[in-house]
Amino acid sequence: MSGPAKKAFPLRLDPALYAAVERVAAADLRSVNAQFECLLREALGRRGVKLAAPVAAKRGRPPKEKKS
């Protein structure tokens, strides 16, 4: 499974903050990682920072190859 490259980095958080994000992520049916990305994009947007739209992950089966 190859998708767009994403930057990985360690992040230290207060356990209560992580638990709150975890609850919100579950309510939104997202992973905690996706929830953090969403929250950061929203916060940057409120500050007027322009970002390119996120690249949507490809879903479903790949198309069948045609036999020659």
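Is leucine 13 buried, partly exposed or exposed? Leucine 13 is partly exposed, with a relative accessible area of 31%, where buried means under 20% relative accessible area, exposed over 50% and partly exposed in between, with a 1.4 Å probe and protein chains only. The model is predicted, so local features need pLDDT of at least 70 and side-chain atom pairs count only at pLDDT 80 or more, while totals for chains, interfaces and linings use all residues. Residues are numbered from 1 along each chain as its sequence is written, and side-chain values use heavy atoms, with hydrogens and water left out.

**Helix H1 and its ends**

- Helix H1 has 13 residues and reaches 18 Å from its first C-alpha to its last, close to the 18 Å expected at 1.5 Å a residue; the expected span is 1.5 Å times one less than the number of residues, and helices (H or I, at least four residues) are DSSP runs numbered from the N terminus.
- The N-terminal end of H1 is capped by aspartate 14, a side-chain oxygen of which lies 2.9 Å from the backbone nitrogen of alanine 16.
- Just after H1, leucine 29 takes a positive phi of about 55°.

**Nonpolar surface**

- Phe9, Leu11, Leu13, Leu17 and Tyr18 make a nonpolar surface patch of about 480 Å², a patch being made of residues with over 30% relative accessible area and no salt bridge, in which like charges are joined within 9 Å and nonpolar side chains (Val, Leu, Ile, Met, Phe, Trp, Tyr) within 5 Å.
- The accessible areas come from the Shrake-Rupley method with a 1.4 Å probe, and for residues only the protein chains shown count as cover.
- Within this patch, leucine 13 lies in the segment before helix H1 (15-27), and tyrosine 18, at 35% relative accessibility, counts as partly exposed.

**Salt bridges**

- The structure holds three salt bridges, each defined as a side-chain nitrogen of Lys or Arg within 4 Å of a carboxyl oxygen of Asp or Glu.
- Lysine 6 forms a salt bridge with glutamate 37, with the closest N and O atoms 3.0 Å apart; lysine 6 lies in the segment before H1 and glutamate 37 in helix H2, so the pair ties together parts that are 31 residues apart in sequence.
- Lysine 6 counts as exposed at 57% relative accessibility, whereas glutamate 37 is partly exposed, with a relative accessible area of 28%.
- Glutamate 37 also forms a salt bridge with arginine 41, where the closest N and O atoms are 3.8 Å apart, and these two residues are separated by about one helical turn because they are four residues apart in helix H2.
- Through shared partners, salt bridges join Lys6, Glu37 and Arg41 into one network.
- Aspartate 28 and arginine 30 meet through their side chains in a salt bridge (3.3 Å, N to O); aspartate 28 is partly exposed at 38% relative accessible area, and arginine 30 counts as partly exposed at 37%.

- The structure holds one aromatic pair, for which ring centres of Phe, Tyr and Trp (its six-membered ring) must lie within 6.5 Å, planes under 30 degrees apart counting as stacked, over 60 as edge-to-face and the rest as tilted.
- The rings of tyrosine 18 and phenylalanine 36 have their centres 6.5 Å apart and their planes at 40°, so the pair is tilted.
- This pair links distant parts of the chain, with tyrosine 18 in helix H1 and phenylalanine 36 in helix H2, 18 residues apart.
- Leucine 39 lies in helix H2 (residues 32-46) and counts as partly exposed at 33% relative accessibility.

How values were computed. Polar contact = N/O pair within 3.5 Å; in protein donor to acceptor, adjacent residues only side chain to side chain.
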